[in-house]
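Here is a briefing on one protein model. It covers the sheet, a helix pair and the salt bridges.

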Amino acid sequence: MNICFLCDLHLPACREAIQYRMLEFVRKDIVKRQPDCIAFAGDATCDGDLSVYQQFISDMQALAIPFLYIPGNSDLRNPACRDAIEKMASPCENEFGRVRIYALNDCEGRISQEQYAVIDRADENSIVFLHHTLPTLPKETREQMQAWMKKHPDTLLISGHKHFYARYGNEIYLPAMDPDKCIGEEPCIVYYDTESKEMQHVHFPCPLPEDLKEYFGISCYKMEQIDFAIREGIQYLELRPSALEFDEMKLKERIAAWRKAGGKGLSIHLPDVGYQDGKAIAAEGYDELLQLAQALDADRLTQHVPRISVAKAEEDDAALDKIAACMAEKMNRLSGKITIGIENMHMTANDIPGKNRRFGYIPEECMAFARLLGKKCRYPVGYNFDIGHARNNAPYSQKYQIGTWMAMLGKDIVGYHMHQVTDADGGFSNHMPIRRLYDRVMSLASFFAYWKKGWIAHVPVIFEMRPEDAYEITLETFRNAITE
């Protein structure tokens with residue numbers, strides 16, 4: 001018997017997102033291979049949208065192949081849909097000749113006594129699948145399942161949730177289908193042959209694009225990093241507000257040397273513009289950085305979304321207009337060919353979801369402000385998409401995944417900020433080096449696929465990282481991937 005195992009697709013409401021392209025890839029592959037059964041181990045949706053969940057079930061059932069499914073934890077994120085989705089699961093016990101497949105509904109992290117009684121009938125020809133891996137289950141449930149495993153040492157136990165493939169005896173972790181969250185490999189589905197006991201991984205191709213390195217750049221916090229760019233042949237640079245502290249004559253010399261070595265594009269990262277007492281207020285050094293941009297013949301300006309709360313922007317109809325007018329008035333003084341990128345921000349430890357958070361954490365807000373600035377500025381305005389910010393943006397990152405951001409911003413992106421997000425001590429850290437292309441918190445699979453297919457603009461990809469050796473580590477990661 002050949003079984004197709006799937007999990008962790010995380011479909012959003014945005015139908016143009018790459019997760020739907022993955023779904024079509026899966027459906028076509030299943031039609032081609034004609035497995036005897038399909039087993040989905042949870043997390044069909046990213047945020048528990050009932051209509052998305054129902055459509056996914058319908059799409060899979062339309063393949064006319066026995067389809068077993070259970071919800072996962074992300075399918076329960078919408079309180080209004082939670083009960084309906086939790087009840088949508090296949091029967092626990094399913095018989096296919098000598099093989100019995102048990103769909104264990106553990107979406108809330110617990111398993112009912114009724115289900116324990118059913119899976120107690122499992123034997124060496126049985127397969128039990130659930131969403132959570134045993135270590136991620138609550139203590140009581142975990143201990144009950146461990147006791148069950150001791151009674152059934154020959155029964156295969158398969159789970160999703162962790163997003164990477166691993167095997168510990170008869171316990172198997174499935175890789176993720178989601179290009180934004182696949183770990184260690186490209187997004188993947190698994191076929192299992194019950195006779196040979198072999199597993200075949202079939203990948204949705206999201207390889208590193210060959211031409212991506214031609215667009216690499218670094219954000220320079222220190223003057224010495226310009227010399228690093230010269231040595232490494234990096235063609236794009238970004239100067240930060242700290243550039244005002246550099247010796248201007250030496251800075252001009254180093255930028256000239258970088259251009260002579262093949263440097264193509266120079267960006268200036270501007271400080272924030274806020275709002276107080278009915279007036280737009282640019283941060284200290286704003287005008288001086290614009291003067292530096294002119295002196296260095298910069299061709300791009302990167303600007304964070306306004307420093308204003310969503311509540312204040314809604315309460316004062318003129319606030320965003322005044323901020324845009326302030327920015328445009330200053331930018332319009334410049335001459336030359338310049339492109340402006342509005343950069344998305346992310347939730348911080350001090351933010352609470354809702355109207356009191358900072359404006360610009362979701363695509364619609366960034367797009368609205370970019371359009372407003374574009375009407376007032378004589379230079380083209382697009383988006384500087386910060387991939388790490390989009391990932392480290394809970395709870396908004398659940399609905400607006402990296403793939404959703406790129407689907408919405410598309411070819412209006414004029415630049416990228418790229419850095420890894422790591423998790424430690426219960427929180428996320430930004431601006432970290434990239435050690436793996438398909439890493440634990442943030443995978444670059446969706447970015448690679450969008451780039452390769454031309455669904456997003458091919459514009460500078462600026463590494464924005466703070467640790468001392470971050471750029472060396474990151475470039476080495478990409479070099480190793482290119483030579484593999």
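How many salt bridges does a search of the whole structure find? The search finds 27, a salt bridge being a side-chain nitrogen of Lys or Arg within 4 Å of a carboxyl oxygen of Asp or Glu. This is a predicted model: local features need pLDDT of at least 70, side-chain atom pairs count only at pLDDT 80 or more, and totals for chains, interfaces and linings use all residues. Residues are numbered from 1 along each chain as its sequence is written, and side-chain values use heavy atoms, with hydrogens and water left out.

**Salt bridges**

- Arg-33 pairs with Asp-29, with the closest N and O atoms 2.7 Å apart.
- Both residues lie in helix α1 (residues 18–33), 4 residues apart, about one turn of the helix. Helices (H or I, at least four residues) and strands (E, at least two) are DSSP runs, numbered from the N terminus.
- Asp-29 is buried at 5% relative accessible area, while Arg-33 is partly exposed at 30%. Buried means under 20% relative accessible area, exposed over 50%, partly exposed in between (1.4 Å probe, protein chains only).
- Asp-227 and Arg-254 form a salt bridge at 2.7 Å, N to O.
- That pair links distant parts of the chain: Asp-227 sits in helix α6 (residues 224–232) and Arg-254 in helix α7 (residues 248–260), 27 residues apart.
- Asp-227 is partly exposed at 26%, and Arg-254 is partly exposed at 27%.
- A network of salt bridges links Glu-93, Arg-100, Arg-121 and Asp-123.

**Sheet**

- An open sheet of 6 strands runs in the order β4-β5-β6-β7-β9-β8, with mixed pairing. Two strands pair if DSSP finds at least two bridges between them.
- β4 (93–96) and β8 (166–168) are the edge strands; each has a single partner strand, so one side of each lacks a neighbour in the sheet.
- β8 and β9 (residues 171–173) run antiparallel, joined by 3 bridges.
- Arg-167 has Ile-172 in β9 as its bridge partner.

**Helix pair**

- α8 (residues 286–295) packs on α10 (residues 319–331) at an angle of about 35 degrees, with the axes 10 Å apart. Axes are lines fitted to C-alpha atoms, for helices over the stretch in contact, and angles run from 0 to 180 degrees between N-to-C directions.
- Tyr-286, Asp-287 and Leu-290 in α8 meet Met-327, Lys-330 and Met-331 in α10, contact meaning heavy atoms within 4.5 Å.
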